[in-house]
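Work through the exercises below with the structure open. Try each task before you read its solution.

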Amino acid sequence: MDHNRDNPLRRFSAFWIALLLVGCFGIACIIIRPVTHARVESAYEMISEERLETKAEIEKAQAAALDPEKLEVSREASVVTLNQTPTAGAMPLPGAPTN
Amino acid sequence: MPETTPTADANDVALRSAIDRSLRHPVMFFFTSGAVWLAVAAVLGLITSAKKHMPEFLEGVSFLDAGKIDAAHINALIYGWGFQAAFGVIIWLMARLSRKECSSPGLILTAGHVWNGAVMIGVIAILMGRGTGVPWMEFPTFVWPVLLLSYIVITIWSLIQFQVRDAGHVYVSQWYLLAAMLWFPWIYFTANVFVFSFEGNPLMAAGIASWFKGTLFLLFFLPVAIASAYFLAPKITGRPVYSYNIALFGFWSLAVIGPWAGMQKLTGAPIPQFLPYAGAAAMVLILIPAFAVSWNILKTVAGHGETVSASPSLRFTAAGIIGFLVFAALSAVTHLFGFKLIQFSYTGYGFDVLGLYGVFSLCAFGAIYFIVPRVTRREWLSRRFITWHFYLSLYGTISVTLCAIVGGLSQGEGIEAWNQSFLAGAGRAQMYGWGVTFSWGFLLLSNLFFGLHLLLMWARLGRRSSHPTLLTGHHTDSPHGPEGEVDNYGSATA
């Protein structure tokens, strides 16, 4: 048996060789990264501009359709109606006894 | 022939004893903490399986949601039990075969604690809903660098031991150990960096994640199991390995075929067509190393049926090697003839358990039953515990595998029947799910026997005896002599 193979220098070099072996996987990953990573365009990104334009159009149309003065008049009318004391109506209630 | 002189024998025994002593604490730490994680994984597996066929079970407990506990179960099994058992086997076997004492048990032990801490944080994070959702890499992303660093600190000393070994023969077990030690950082680093660190196409990330899942077993757990088998079979039977050429062929066929496995899970996904086909082909071709390895090991122990039956190590190892053959045969058949039925069904889980438990764990148990008496200088306390552990493990593994694979095939047929609802397909697997749950109960019970026995051994409460613990006969009439004697260097060798 050859015991000369085991000496501090050989152990030291073996330590760094082992680290290098493991480290080379990381180095390989970094080297091949540009090859494996083309520009990624997700479907969401591809149609997002168009969707944002549509959204802006809708918001604009909604804003134009909304008349604050008419809304206020309508709101006040609703308040008056809601403040009235309820009275019995002519229409029968569901489940109520009928003549 | 100086090796055969009494002085050389005494020196050899003293060296082996010194190696065992130097590794006592790291090896026992890995085995016992691994056994605890195995029990945890079994409990989680039981709940996971129960939730598959009985969704209302523990439904009010948010951290036990099906998605969380499934991931916690498999990660506890892999990183808690599997890796730690593998660490114990690797560092002991490489030291023994290189004939070098361990010079850094303290560092290994420290790294082992860090590994355990990281696994615990990972499992808790998964249960809290912080998992990544990537199969077999569910731990939060900050965990993997810690695990990789701990792995390097644990195994680098074995690489050094191999490099400074006395010139001469390199054992078959050493090929596999060396390969496993280098293959794991390759696949783990690559998979984690490309999936979590580099921003890229999500399809590519899915492909790499599948590849990692496929190769982790074939390129890490399997080589460690085979290394253990190639050590124990000749050692215990006292015969050389049946064929060195077949061993060489088996090793290189695994090295060539193994790295291609994994992407078959993505059949039909918009990735290059050849990748899933290459993955499926690898899962068929795995039969080649399986035949080579199992033929070689089984021929080595052939004619020693009584030894295989009596030795706990050999009994577990033989079961694990047969498990490998079954794994490869089932894999070949399902990937050749029924792939559509297994792609989205329960069957994959059956293969996971068959590989991790039916092959790796059984071989690891065999190694543990051999190694622990040597490092503790005590013999196993109870033959009954070992026998129960063996039969319950075997029964549990076969049941989980059969129920999951057969149930999964039936489920796959249901999914393929387009005139039925998806739930009808899932319903076909329900009764098999009950079987899996009960089987995890058996596995849990078996591992309670094992864990308790191991803890007693670590506490050095084992038998003070020079006899190996055999599963037949009584120790009082053993040819090794009376009880209560411990030789000057270590425990018995058979």
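Predicted model: local features only at pLDDT ≥ 70, side-chain atom pairs only at ≥ 80, totals over all residues.

**Exercise 1. The fold of chain B**

Task: Find how many helices and strands chain B has, and judge its overall dimensions.

Solution: 
- Step 1. Count the elements. Chain B has 17 helices and 0 strands.
- Step 2. Look at the extents. The C-alpha trace of chain B spans about 75 × 40 × 40 Å along its principal axes.
- Step 3. Look at burial. Of the 494 residues in chain B, 54% are buried.
- Step 4. Look at the contacts. Take those in chain B between residues at least 6 apart in sequence: 82% of them join residues at least 24 apart.

**Exercise 2. Chain A**

Task: Describe the secondary structure of chain A and state what share of its residues is buried.

Solution: 
- Step 1. Chain A holds 3 helices and 0 strands.
- Step 2. Its pattern along the sequence reads α-α-α.
- Step 3. Chain A has 99 residues, and 2% of them count as buried.

**Exercise 3. The nonpolar core**

Task: Which residues touch the most other members of the largest nonpolar core?

Solution: 
- Step 1. Take the core as a whole. The largest one has 164 residues.
- Step 2. Pick out the members with the most contacts. They are B:Ile90, B:Ile91, B:Phe221, B:Val224, B:Ala225 and B:Tyr230.
- Step 3. Follow one of them. Leaving out residues up to four places away in sequence, B:Tyr230 touches B:Val172, B:Ser173, B:Tyr176, B:Val241, B:Ala247 and B:Ile297.

**Exercise 4. Two neighbours of α12(B)**

Task: Work out how α12(B) is oriented against α14(B) and against α7(B).

Solution: 
- Step 1. Start with α14. Helix α12 of chain B covers residues 312-337, and helix α14 covers residues 347-376. Their axes lie 7 Å apart at an angle of about 160°.
- Step 2. Classify the angle. Over 145 degrees counts as roughly antiparallel, so α12(B) is roughly antiparallel to α14(B).
- Step 3. The crossing of α12(B) and α14(B) is left-handed.
- Step 4. List part of the contact. The α12(B) side includes B:Phe316, B:Gly320, B:Gly323 and B:Phe327. The α14(B) side includes B:Phe351, B:Gly355, B:Gly358 and B:Leu362.
- Step 5. Turn to α7. Helix α7 of chain B runs over residues 202-237. The axes of α7(B) and α12(B) come within 10 Å and cross at roughly 135°.
- Step 6. Classify again. α7(B) and α12(B) are therefore oblique to each other. This crossing is left-handed.
- Step 7. Name the residues that meet. From α7(B) they are B:Ala225, B:Ser228, B:Ala229, B:Leu232, B:Ala233 and B:Ile236. From α12(B) they are B:Ser313, B:Leu314, B:Thr317, B:Gly320 and B:Ile321.

**Exercise 5. B:Ala42**

Task: Is B:Ala42 buried or exposed?

Solution: 
- Step 1. Locate the residue. B:Ala42 sits in helix α2, residues 24-53 of chain B.
- Step 2. Count neighbours. B:Ala42 has 25 other C-beta atoms within 10 Å, so it is buried. The cut-off is 20 or more.
- Step 3. Name its contacts beyond four places in sequence. B:Ala42 is in contact with B:Trp440, B:Leu443, B:Leu444 and B:Asn447.

**Exercise 6. B:Val164**

Task: Where does B:Val164 lie, and which residues does B:Val164 touch?

Solution: 
- Step 1. B:Val164 lies in the chain B loop between α5 (143-163) and α6 (172-197).
- Step 2. B:Val164 has 19 C-beta neighbours inside 10 Å, so it counts as partly exposed.
- Step 3. Set aside residues up to four places away in sequence. B:Val164 then touches A:Arg5, A:Asp6, A:Arg10, A:Arg11, A:Ala14 and B:Lys100.
- Step 4. Check one distance. B:Val164 and B:Ser98 are 66 residues apart along the chain, and their C-alpha atoms are separated by 7.9 Å.

Technical notes:
Residues numbered from 1 in each chain as written. Chains lettered and ligands numbered in written order. Helix = DSSP H or I, 4+ residues; strand = E, 2+ residues; numbered from the N terminus. Buried ≥ 20, exposed ≤ 12 C-beta atoms within 10 Å, placed from the backbone. Contact = placed C-beta atoms within 7 Å. Core = buried A, V, L, I, M, F, W, Y, C linked by C-beta atoms within 7 Å. Axes fitted to C-alpha atoms, helices over the stretch in contact; angles between N-to-C directions. Parallel < 35°, antiparallel > 145°, perpendicular 65-115°, else oblique. Left-handed = near helix turned anticlockwise from the far one by under 90°.
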